[in-house]
Amino acid sequence: MNVATDWALPLVWAQQSELDSIPWLKWIIVLAVVFFGIFPGIVAYMVWGERKVAGRFQDRIGPNRVGPFGLLQPIADAIKLITKEDIVPRTADQWVHLLAPVMILVSAFLVLPVIPFGLGLAAVNPPSGLIYLIAVSSISALGIFLAGWSSRNKYSLLGAMRAVAQLVSYEVPQVMSVIPVILWTGSLSMVAIFDRQVEYGWFIFSPPGLLAFILLTIANIAEVNRTPFDLPEAESEIIAGYHTEYSGMRFGLFFLAEYLSVFAVSCLGTAVFLGGGTLPWPFTGEPVVTLGSGQGLLSLILVNLPLIGIFMAKVGLYVFLMFWIRCTLPRLRVDQLMSFAWKVMVPLSIINVFIAALWYEFVFRPGRPNYLLGWGVTAPLVLISVIVVLSIYKAQMKADLAASPTSRRRIATAN
Amino acid sequence: MGYGRGIIVGHWVTLRRFLRTFFIGHGATLKRRGGGHQLFDLWPGKKKRGEEPTVQQDATTEGLFTVEYPDERLPVYERFRVLPVLVYDDSDGNVRCTCCNICAKVCPPQCIWMTHAAGPDGKPVPLPEDYYIDMDVCMNCGLCSEYCPFDAIKMDQNFELSNYERHQSHIFSLQDLLVSSEFYANTHPEAYASDEQVVERGKVAKKKDQRLQKALGVGAKPASNPKPAAKPAATPAT
């Protein structure tokens, strides 16, 4: 596992060849090929995939007119967005109006370099990768607020206000839910987290890990503003929220950034809880253990091809999960959104840190992991804490409803 | 106490919907070939324009229910109506319309107007020389065909009326409107074969002949000799 823990380099062949001596060439490859080629391509076809999947969820076909199976639809959309007139409101703050989508896009892009797609395939591996990742992903809140503020439009501002409230609220459980992983790994490095899962299996295969994964997924969906947490751009309430006043490619940047951050949070969930590119439990750490021992370029390619494939399959499933949730749940009310974050997600993630510490004591600290004891102790604890928190939440919601001045129940009892 | 059970059940419901589209109905087969005509077509053997298959679809259809319209279409039923057409008889090529103007009078948006044809002696004959319907104004109510005493104007089912130019081409003249009685019998088999219409056709044939004979000055006699009339002024389009 030396290769992974090394200061990892972008591409296998670049790492192994003499290109290493020319660092700027490596970065040109990373930036030009991966960041301006592969990732936008993935995003474009994710949009196509979402439209296809959403179509099937609604008993429709989805795009199928532009190219076979509608495969050229993203290209047509891109051409449309680029050639559209770029309208900036006269009263808008011109510079901030331009800066906002760029900022959101940059924030979405900055998440990706620390993701370990395979052995040595994290573009950078800072020792505090997870902190960095969470920090850069929270820049998007600022970008959204700048977009809403600079537009001089009440709907934009409303959307921006909602977005900031939502993003700040859900960042707390998002951060808290990855604390178990940090605890178990003993490191903030994404590559170290990957290595730990190669050794011990996916982190999701433990009661606190499962709970943390669910919390992280909910928080992720809220962080990227997707249904049922799409209040900042709720088209039935506030037109398009913070990007009401954006058109053409400026809107295109928002669009790109939204799907890029969907991809990014899916990568985060996969890398942190789903063991990166490794196979699940019976084959713990599989492609790495069997194929990763060799030295040289060929063996690196041999181990990285299945790793990237499995990683992308998991990301695909994670993205599908987000599409599925989007196709199922309606939008939350603002008060539901906030109370769910602060009254359910945050308490549960705090409790989960303690349960994760127990799991650490039973599984990670001893020389031989004691899974039986770990499951026996933490599983009931997780179950009980979920039920207790949800019960308190429900009781409170009921009490709030009864106390609400517009509540039918209250009006009925008053009469 | 729910604990989010409804959310989980809801996800199962939507997932089942999603999966069913791959296993039920036309999503499960490759029989129906939509997607339009493309440079590189994955569905060879697609029908040409105008020969697209008709698909049956109703409330009991399971799975995908998209009808990919230009590539396939829903059946048009007999009572479906769009614009009026003028019927001429196949037997003698005569236009049934006698230019009585009743349709123009009952037309609620007043989109019909016509002129009498003149006979050899300059007197008007009961035939339209020109007959116009402004299809942009027509509201497809079908009153003209209800009121027509000669069964001459009928509602057609052609709904593909889009055009690049709307000032000339959307005023339908006699040439655009004439269809044969056989065409009408094909599109409206049930109505054509109904007792009511059979009787009506007989009456109309008699009446029209009478009026035509009278107008041509053959004689004020009743239609004791129902021989076919002379060729009308308007030549029917086929």
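The legends below describe close-up views of a predicted model.

Local features are given at pLDDT of at least 70 and side-chain atom pairs at pLDDT 80 or more, whereas totals for chains, interfaces and linings use all residues. Residues are numbered from 1 along each chain as its sequence is written, and chains are lettered from A in the order in which they are written.

**View 1. The side of chain A that touches chain B.** Here 15 residues of chain A are in contact with 19 residues of chain B, contact meaning that the C-beta atoms, placed from the backbone, lie within 7 Å. On the side of chain A, α3 (23–57), α14 and α16 (371–403) each supply at least two residues, and the largest share, 3 residues, comes from α14(A); helices are DSSP runs (H or I, at least four residues), numbered from the N terminus.

**View 2. Helix α14 of chain A against helix α1 of chain B.** The axes of α14 (residues 297–328) of chain A and α1 (residues 5–23) of chain B come within 9 Å and cross at roughly 105°, where axes are lines fitted to C-alpha atoms over the stretch in contact and angles run from 0 to 180 degrees between N-to-C directions. The two helices are therefore roughly perpendicular to each other, a term for angles of 65 to 115 degrees. A:W324, A:C327 and A:T328 of α14(A) make the contact with B:G10, B:H11, B:T14 and B:L15 of α1(B).

**View 3. The two domains of chain B.** Chain B is assigned domain 1 (1–70) and domain 2 (84–215), with bounds that come from an automatic or database domain assignment. Taken over C-alpha atoms, the centres of these domains are separated by 42 Å.

Conventions: Angles under 35 degrees count as roughly parallel, over 145 as roughly antiparallel, 65 to 115 as roughly perpendicular and the rest as oblique. Two residues are in contact if their C-beta atoms, placed from the backbone, lie within 7 Å.
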